[in-house]
Amino acid sequence: MTVKIYDTPEVQDFLKTVAGLDQAGGTERAKQIMHRLLSDLFKLIDDFDVTQEEYWSTVSLLNALGGQTQFGLLSPGLGFDHYLDMRQDAIDAEAKRNGGTPRTIEGPLYVAGAPEAEGFARMDDGQDRDGETMWLTGQVRDVNGNPVAGAKVEIWHANSKGGYSFFDKTQSEYNLRRTIHTDSEGRYTARSIIPSGYGVPEGAPTDQVLKALGRHGERPAHIHYFISAPGHCHLTTQINLAGDPYTFDDFAFATREELVIAATRIEDPAEIAKRELEGPFSEVVFDIELDKTEAPELQVRHKRPRAKEDAQDQASQLAGTAEV
Ligand code: BEZ
Ligand code: FE
């Protein structure tokens, strides 16, 4: 026999006390959100007749997730990042900002302060022997098709083993991370290596959660972008390479049809020589369209804790945009 106590006055009063609703201090929003969150969880415990064992093993799992700073990894796995994107898309549609390349999630592996270059950068340090040479290029345009010169294009991606520099200590500093400012025609070009998909570490707390749901923790090969330019909406996006087994089965739900790009293998010696490469390579072309905005806060990425980025950087970013 299962008991139901959620709707009793005693539990309802208790929830108000726990959420501090009868206290003068704190903030109203924190109280309201905590009250709602606890109410939903208390009800869930009642409805699913959650046992002591289930509750305390969940506490232990949360401790493990926090101890290994994996909430930023679990968050996209449980769809929160994509849900926030869906909400932002709806906010943009409501405000009639309908143009531009689609956004998709940032993920937890960005590192601020990558080396900057004009027009072209080599992103790899030449140490990854398994990495196929990638020629990554494109043009940044506004919604009317005009090139955007001087746009800031930040690119980061994994190596041939799916690892990211900074988090993977075997890689050199800022390997596969660069900021490229577009040339007078709005173009950016990078020489790099074709990345492999990322996989959640086997046995990690995030993996345990996914396994309990019968899910895997794999991402397809992908390349991350932040693109910004004065007078235009900041864009956080990524491209997923076509043909990866996980292109349409991404555990982080980042794939969008418009962002799936095929890499073209090029073996023509003239094309190799033109790019001063040593042999055959794969070309990836990703053109980006930015929507216009006068609002300074839409011209910069939203705030969140990021590796090597402090509040000061974010404040100066915002100030820089407000000047134009
Ligand atoms: C990534 O971008 O590689 C990533 C995104 C979400 C979770 C884990 C990794
Ligand atoms: Fe990634």
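## Rings, greasy spots and charge pairs

Trp-56 counts as exposed, with 53% relative accessibility (exposed is over 50% relative accessible area, buried is under 20%, and partly exposed lies in between, with a 1.4 Å probe and protein chains only). Before we go on, please note that this is a predicted model, in which local features need pLDDT of at least 70 and side-chain atom pairs count only at pLDDT 80 or more, while totals for chains, interfaces and linings use all residues. Residues are numbered from 1 along each chain as its sequence is written, chains are lettered from A and ligands numbered from 1 in the order in which they are written, and side-chain values use heavy atoms, leaving out hydrogens and water.

**A nonpolar patch**

You can find Trp-56 in helix α3 (helices, H or I with at least four residues, and strands, E with at least two, are DSSP runs numbered from the N terminus). Trp-56 belongs to a nonpolar surface patch together with Met-34, Leu-37, Leu-41, Leu-44, Ile-45, Phe-48 and Tyr-55, and the members share about 810 Å² of accessible area. Two elements, α2 (28-47) and α3 (52-67), each give two or more residues to this patch. Helix α2 provides the largest share, with five residues. A patch like this joins nonpolar side chains (Val, Leu, Ile, Met, Phe, Trp, Tyr) within 5 Å, like charges being joined within 9 Å, and takes residues with over 30% relative accessible area and no salt bridge. The areas come from the Shrake-Rupley method with a 1.4 Å probe, and for residues only the protein chains shown count as cover.

**Aromatic rings**

Across the whole structure there are 10 aromatic pairs. One joins Phe-120 and Trp-135: the ring centres are 5.7 Å apart and the planes stand at 35 degrees, so this pair is tilted. Phe-120 sits in strand β2 (residues 120-122) and Trp-135 in strand β3 (residues 133-142), and the pair links distant parts of the chain, 15 residues apart. To count as a pair, rings of Phe, Tyr and Trp (its six-membered ring) need centres within 6.5 Å; planes under 30 degrees apart are stacked, over 60 edge-to-face, and the rest tilted. Trp-135 is buried at 11%, whereas Phe-120 is partly exposed at 39%. Elsewhere, ring pairs join Tyr-110, Trp-156 and Phe-226 into a cluster.

A ring can also meet a charge: Lys-169 lies over the face of Phe-166, 4.3 Å from the ring centre (NZ of Lys or CZ of Arg must be within 6 Å of the centre and within 35 degrees of the ring normal).

**Salt bridges**

The model holds 26 salt bridges, each a side-chain nitrogen of Lys or Arg within 4 Å of a carboxyl oxygen of Asp or Glu. Asp-142 and Lys-292 form one of them, at 3.3 Å from N to O. Asp-142 is in strand β3 and Lys-292 in the loop between β12 (288-290) and α8 (311-323), so this pair ties together parts 150 residues apart in sequence.

Another salt bridge joins Lys-308 to Glu-173, with the closest N and O atoms 3.1 Å apart. Lys-308 is in the loop between β12 and α8, and Glu-173 is in the loop between β4 (152-157) and β5 (177-181), 135 residues away.

Glu-267 pairs with Arg-265, again through a salt bridge, with N and O 3.1 Å apart at their closest. Shared partners also join Glu-106, Glu-154, Arg-301, Arg-304, Arg-306 and Glu-309 into one salt-bridge network.

Here is the accessibility of the paired residues.

| Residue | Relative accessible area |
|---|---|
| Asp-142 | 6%, buried |
| Lys-292 | 42%, partly exposed |
| Lys-308 | 42%, partly exposed |
| Glu-173 | 62%, exposed |
| Glu-267 | 51%, exposed |
| Arg-265 | 43%, partly exposed |
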